[in-house]
Amino acid sequence: MAQPAQQLPPTPSSPGASTPEHVQPRFSWLPPVGTWKYHALLSAVALLVLGPLGGVAASYMNFSVGFFVGGQVLAGILGSAVTYGYGAEGKHGANYMQTMAASVASLCAMSVLIQSMVWLGMEMPPAWHLMLFVGCVGMFAVGVGMLYTPLLVDKLQLDYPSGLAVANILRALTDKRLLKVSISKLGGGTLLGAVAAWMTEKVAFVGSIGTSAATVGAGMIVGSRITVPAIILAVIGALMTPYFRELGWLGPNDPFRKIGFLLGLAMICGAAAVDLSLLAVQAATRIRARTGEADSGEEESWKKVNVSRLVAWVVGWGAATLLVGTLVLNQPVGWLLLGIALALLFVLINGISYGITDQNPISSAFVISVMVMSLMGLKNPLVGLMGATILLVSTSVGVDMQQDRSTGWRLGTNRVLQFRYQVLGVIMGALLCVGLARVFMAAYPALTINQLDNPKAEVGQWGSAMTYKLVGAIRGLGTLSDSTVKLLLIGLAIGFTIQAARKLLQRHAGYQRYVKSSRAGFAVGWTMDSLLLASPYASSFGGFVAFPVALWFGAGGIFTSVWNTVAKRGQTSHAAGSPGEGEALPEDMSSMSLVGGGLIAGESLFFLIAGLIGLVSLLA
């Protein structure tokens, strides 16, 4: 597993991790921290304002341009305004609100599944049937996401760039001392990100080169050892594209990305097989070593969850999903079970991808699930869609859960409370998901036109790229090509071999001493990590995205690494200034992480606001 560019521990002295009940609000009308009135205030703002705001924008963006912004950044900023009166403790309340609001938005974006059913000619069941099914899957997904949190967030310490950006925003906006030091970097990055996003939309040349402030910002957060491998795979893919076209694996005008995502996902699976095997061995060794000894009790209280109850939650909601799918929606139980099994795998795989590259390849996972069903003989597209829906919703909600936990990990936010907020967000999201799909399609009949069968239809701004991909994959059931199977096998072999070699090298004491001993050793280590034995998780990003996106992602990481090397700032960049009273900035609030997080925030805010303005103008 590739190590993150920075170690990002939570703040142990965080008030939220110790005694929040002693916090005195700055304003007398604010309810005390931890009381039912406090949680009622946060829930009301998140469920009635922030969640629907992000949900409407996410649905509109998926229907129009085929991608969406989850809304964590907007919810974090607006939530900080609500909790500012609690001082530094307010970051936890704002984190609860952005967790809930982001859950609403991520489920609302899944309204394209309802549109896909319409395109496929499926007889639409009553709305409450779909709400119940989506709700059960969402509940299952938050449990699965929480189960993987100790592995991905605590043990592997993945960066989750957007989660880091939100954590920095919440800390800065709710703590005057941190705000004083970080505001210029964070604010400057946010302004630059918004301007870059505006230019992408308004300036033809900027849009044509695939500029993305958020992509550059994510690269700045994770560094060159993660971003350079993505460039390498993208370049290799571009160079081999003519050869793939000769083989018939690509059409005359198809980009490498059309098959690259298969290669990337297979590489992740191969690498994950190595990591999970090693983790299983370590777990077995640890269990034998403990010999019945009691826990040390050193784990922070805010981290603690009841694992037995969590497993029961996952099993219970998995069973509820099966019952609703079979008894209410009349779907075959076998294919629903397969969807649940694939969800357990891809919430982990996509979580790794998101933690490293800030990209959650949910549509790629959807396509893989369809291919697996095709290999197993399924030919009914409607059955395939319902089974794959479990995977799509799970990877969206479950991976979002992991990102929110990474934010909470940096802040020291109580995980049990954060989980409860996310559950409430899923309930609201399930209702709005189906409701918004019905409202949009009733108001704009162009959304109901199957653009695969009617490529020349006038649909205006409703490009529905996500729906186009989903329906196109589903209609390919039963026609899995030999080239696809070969690509998957090649990717699995590459991922497994490289990750096994990386693990052996990481365990070699002499090599580790050498790379830490001198500049020459550092250069050798960088070359091995970035070029010769690059992490399959990092490389896979070059197959998921268009060629320019990989280059911008790489540029961000290279810029950060050059800056840190030349200026000798890196993780100690906070030492140049102090927020006051002898307290230093948290280690993960370096200059580059603040600027990179600002770029993500700026682009996210621009597209969310643009989506809302576009929807309002259509309704006017």
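Q: Why are H3 and H16 called roughly parallel to each other?
A: This is a predicted model, where local features need pLDDT of at least 70, side-chain atom pairs count only at pLDDT 80 or more, and totals for chains, interfaces and linings use all residues. H3 and helix H16 (residues 415-443) pack at an angle of about 30 degrees, their axes 7 Å apart. Axes are lines fitted to C-alpha atoms, for helices over the stretch in contact, and angles run from 0 to 180 degrees between N-to-C directions. Angles under 35 degrees count as roughly parallel, over 145 as roughly antiparallel, 65 to 115 as roughly perpendicular and the rest as oblique. H3 and H16 are therefore roughly parallel.

Q: What residues make up the contact of H3 with H16: nonpolar, polar or charged?
A: The contact divides into 14 nonpolar, seven polar and no charged residues. Here Ala, Val, Leu, Ile, Met, Phe, Trp, Tyr, Cys and Pro are nonpolar, Asp, Glu, Lys and Arg are charged, and the others, Gly among them, are polar.

Q: What makes H3 largely enclosed by the rest of the structure?
A: Buried means under 20% relative accessible area, exposed over 50%, partly exposed in between (1.4 Å probe, protein chains only). In H3, 19 of the 19 residues are buried, so the rest of the structure largely encloses this helix.

Q: Why does the span of H3 agree with 1.5 Å a residue?
A: The expected span is 1.5 Å times one less than the number of residues. For the 19 residues of H3 that gives 27 Å, and the end C-alpha atoms are 27 Å apart, so the two agree.

Q: Why is Gly85 called buried?
A: Its relative accessible area is 1%, and the limit is under 20%. Gly85 lies in the loop between helix H2 (72-83) and helix H3 (90-108).

Q: What makes H5 roughly antiparallel to H12?
A: The axes of helix H5 (residues 127-155) and helix H12 (residues 307-328) come within 8 Å and cross at roughly 155 degrees. That makes H5 roughly antiparallel to H12, since the cut-off is over 145.

Residues are numbered from 1 along each chain as its sequence is written, and side-chain values use heavy atoms, with hydrogens and water left out.

Note on methods. Helices (H or I, at least four residues) and strands (E, at least two) are DSSP runs, numbered from the N terminus.
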